[in-house]
Amino acid sequence: MLDSARSNRGQEGGSGREVSAAELARQQEFTALLRELLADRYPDPAVPPKALVRTFGCQGNEADGERIRGMLCAAGYELTDTPEEASLILYNTCAVREHAEDRAFGNVGRLKSLRQGKKDLRVGLCGCMVQQPHAAQKIRDSFSFVDLVFGTHAIHRLPELLYRLLSSGRRVFDLAEEPGRIAEGLPVRRESGFRAWLPIMYGCDNFCSYCVVPLVRGRERGRRPELIIREARELMEAGYKEITLLGQNVNSYRCGDYDFPRLLRELDEIGGEYWLRFMTSHPKDCSPALLDTMATGRHIAKHLHLPVQSGSDRVLREMNRGYDAARYLDVASYARQVMPGLSMTSDVIVGFPGETYEDFRDTLALVARMEYTSLFTFLYSPREGTRAAALPDPVPRAEKVRWFQELTALQEGIAARRGAESVGRELRVLCEGRGKRQALAGRSEGSVVVEFDGPEELIEQFADVRVTKAQNWLLDGALVQDL
Ligand code: SAH
Ligand code: SF4
């Protein structure tokens, strides 16, 4: 694990969209108070207070989790993965589908007896799920052993909230409803020493009719480009090999004179050996300028995750996606024209309210045509407060599950064929760790996992491998040795 530099510290908020420097300084005072309080309660340096932070959901949540860990370490906690040794357990939750919520409640429910048996243990919940009024109410009413609850807009206030909890012993809730601001300069404790998440924007303005994200994350707001570029530079200086730029719709990034292609170009020019990735791209804003930038970039991975959601124009309209299937296919065809060999991946929702089998067949046809490298398929899940949740939804779940299986079988066939075609090809991979079938596992520029034999020193390094065998989407390779 690598404790990255505290980036962007001390910047004055350039706009009202940022949490003010005065507010951040106030939180630093609470960090100092918390440190004193913890030093008092845990005087033996051999037995420091430990915190367990577990994040569910998307990469944006992972990035928040790394800031939460950073703030806790600054306050004197050590991190642990063992609930029994923790004096603080914090679950950073997701709300995008009901399943994520059920899992969070199931997991936290299992902490009840631990919390009751361990005097100093405090349990907290934060993130998207708790930002929804119905979930917050459920915690208030039925999870009385949960001590601390804070929403997505309150992350930077963690030192204050935790101090209030520990000094008073009373439950603390902070679920402010805000359009959303950006907290720059929070300390970060990164999960990986070679792969980093770099948020470039927060929130979302698209209001896809099924999606809870705009309701729980607030309005779209971009970080200042100079701060993003500085953070990227620091990461590269610290030896990071892969940086993934994060936002709900990175294509609509705009701050001052910068749009996303310009930001990407400047990040590409930093120099060194690294891959730049980004997610998520919204098809309605995926411009030729962006695809040209990708095509000419030396460090920009030739992988485009472009969620289509449905192949039916009628369903896409109901989803409020802002494009139709023909426009999506045009964007994809231009992308493949300027980047032959481009790896494309996507998300699809099966069983949107009112979707018919005919609509679904349009999705099958689009997926067959697109030949994605991989596809993330989700059964539609109604989310309280969204427009789609109020629509009639007559198709039984069992029927939707059959469609779902038909789609995954189609994609498996495509992935198997693409895998077989890649045998004999040479791929550059970033080696991520040990493999399951062979010594090492790496991920290609197109985000395909390849396992191969090689020395451990290659872990966290780039390597060139030749694909020797494909089994569905699982690839085996052999190191290409320099002669
Ligand atoms: N901002 C990104 C994705 C955010 S959520 C984008 O627009 O592409 C990640 C994925 O979860 C979405 O692409 C969608 O496929 C899925 N998803 C979101 N809301 C959902 C819901 N209510 N039911 C099922 N899947 C959903
Ligand atoms: Fe949700 Fe649509 Fe925004 Fe993505 S673009 S986060 S799917 S509202």
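Predicted model: local features only at pLDDT ≥ 70, side-chain atom pairs only at ≥ 80, totals over all residues.
## The shell around ligand 1

Ligand 1 is surrounded by 15 residues, of which Arg97, Gln248, Gln309, Asp347 and Ser381 are the closest. By class, this shell is made up of seven nonpolar, four polar and four charged residues. Two strands, E15 (343–350) and E16 (374–379), each contribute at least two residues to the shell around ligand 1.

Arginine 97 places an N or O atom of its side chain 3.0 Å from an oxygen atom of ligand 1, and the side chain of glutamine 309 has an N or O atom 2.7 Å from an oxygen atom of the ligand. Glutamine 248, in turn, has a polar side-chain atom 2.7 Å from a nitrogen atom of ligand 1. The protein buries 90% of the 540 Å² that ligand 1 exposes when taken alone.

## The shell around ligand 2

The residues around ligand 2 include Cys204, Cys208 and Cys211, together with Asn206, Phe207, Tyr210, Val213, Pro214, His282 and Arg321. The shell around ligand 2 divides into seven nonpolar residues, three polar residues and one charged residue.

## Phenylalanine 173

Phenylalanine 173 is part of strand E6, which spans residues 172–174. Leaving aside residues up to four places away in sequence, Phe173 touches Ala136, Ile139, Arg140 and Val149. Valine 149 is 24 residues away from phenylalanine 173 along the chain, yet their C-alpha atoms are separated by 4.8 Å.

Terms used. Residues numbered from 1 in each chain as written. Chains lettered and ligands numbered in written order. Heavy atoms only, no water. Near = heavy atom within 4 Å. Polar contact = N/O pair within 3.5 Å; in protein donor to acceptor, adjacent residues only side chain to side chain. Areas by Shrake-Rupley, 256 points an atom, 1.4 Å probe, with all protein chains shown as cover. Helix = DSSP H or I, 4+ residues; strand = E, 2+ residues; numbered from the N terminus. Nonpolar A, V, L, I, M, F, W, Y, C, P; charged D, E, K, R; others polar. Contact = heavy atoms within 4.5 Å.
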